[in-house]
Amino acid sequence: MESAAGGSRTGRNLPVAIAVGAGLGAVIIASLYLVKVLFLAVLIAAVGIGVTELVRSFEARDIKVPMIPVLAGMAAMIVGAYLGGAAWLLGVFAATALVLMVWRMFQGTEGYVRDVSATLLVTIYPSMLAGFVALLLADPHHGADLVVVFIATTVASDIGGYFAGISLGKHKMSPLISPKKTWEGFAGSALACMAVGGWLVAWLLHGAVWKGVLVGAVVVVFATLGDLVESVIKRDLGVKDMGSVLPGHGGLMDRLDSLVAALVPVWALLTLLL
């Protein structure tokens, strides 16, 4: 399965991918437990890079998305969610969407609907969805722990699916959208998500194991759907990866896809159950 260069039959350079993933994990954990505001800065930077990758991919297909206003709106949504809760997140999103529609209006009518549709897509995915990380972080007692549970459980989906897929994968999940995804990989994702979810909810949040297992089960469904959604976007735009900023992984958006898709249901479940 491994080539001499260290790559696998999935096309990912595994040693490099592991090193980069471990480095990112260390930065996230350190910022979360040392200074919450520092983690917000890391979050805004990461999502900002993902937004930039999306915008540039759209530009390659002559779809115009205004970079600076979208990035400003993204940062405002994340900070607003942390400081003011869900109401601020929704309010800043609505204001950002209106500003962006008016912004494009003064550039002419040709392609207006196309450009605004793409702009609003980027404003929601990943920008507004990332605000739910800030909502988790804002919890006064377990904010950092909630974020760790969410990120670790979602990352477990990728890791479990990767190893189950390359060792057991035979039955394609969706050949037209993502030829490398298999049902065996999905099963590996599910087992990893539920195991990590049950463990971390019990350890960090002192909740019942079954609650963590439920969170893991929800994560694997939405993380997989998020991965498929990004695959559809990339196929439509004619790109293999959104970027190359992360050696062994591709672009940041290629790693954020499952995270942002799982955010809302995980936030809702953790809020209701814990």
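Tutor: Let's start with V35, which sits in the loop between α1 (14-34) and α2. Before going further, keep in mind that this is a predicted model, where local features need pLDDT of at least 70, side-chain atom pairs count only at pLDDT 80 or more, and totals for chains, interfaces and linings use all residues. Residues are numbered from 1 along each chain as its sequence is written, and side-chain values use heavy atoms, with hydrogens and water left out. Helices (H or I, at least four residues) and strands (E, at least two) are DSSP runs, numbered from the N terminus.

Back to V35: its relative accessible area is 43%, so V35 is partly exposed. On that scale, buried means under 20% relative accessible area, exposed over 50%, and partly exposed in between (1.4 Å probe, protein chains only). V35 also belongs to a nonpolar surface patch of about 390 Å², together with L34, V37 and L38. Patches are made of residues with over 30% relative accessible area and no salt bridge; like charges are joined within 9 Å, and nonpolar side chains (Val, Leu, Ile, Met, Phe, Trp, Tyr) within 5 Å. A salt bridge here is a side-chain nitrogen of Lys or Arg within 4 Å of a carboxyl oxygen of Asp or Glu. The areas come from the Shrake-Rupley method with a 1.4 Å probe, and for residues only the protein chains shown count as cover.

Now step into helix α2 (residues 36-59), where you'll find G48. G48 has a relative accessible area of 10%, so G48 is buried. Setting aside neighbours within four places in sequence, G48 is in contact (heavy atoms within 4.5 Å) with L71 and M74.

Next, the aromatic rings: the whole structure holds four aromatic pairs. In one, Y162 and F163 have ring centres 5.1 Å apart and planes at 85°, so they are edge-to-face. In another, W199 and W203 are stacked, because their centres are 5.5 Å apart and their planes at 5°. The rule is that rings of Phe, Tyr and Trp (its six-membered ring) pair if their centres lie within 6.5 Å; planes under 30 degrees apart count as stacked, over 60 as edge-to-face and the rest as tilted. W199 and W203 are both exposed, whereas Y162 is buried at 9% relative accessibility.
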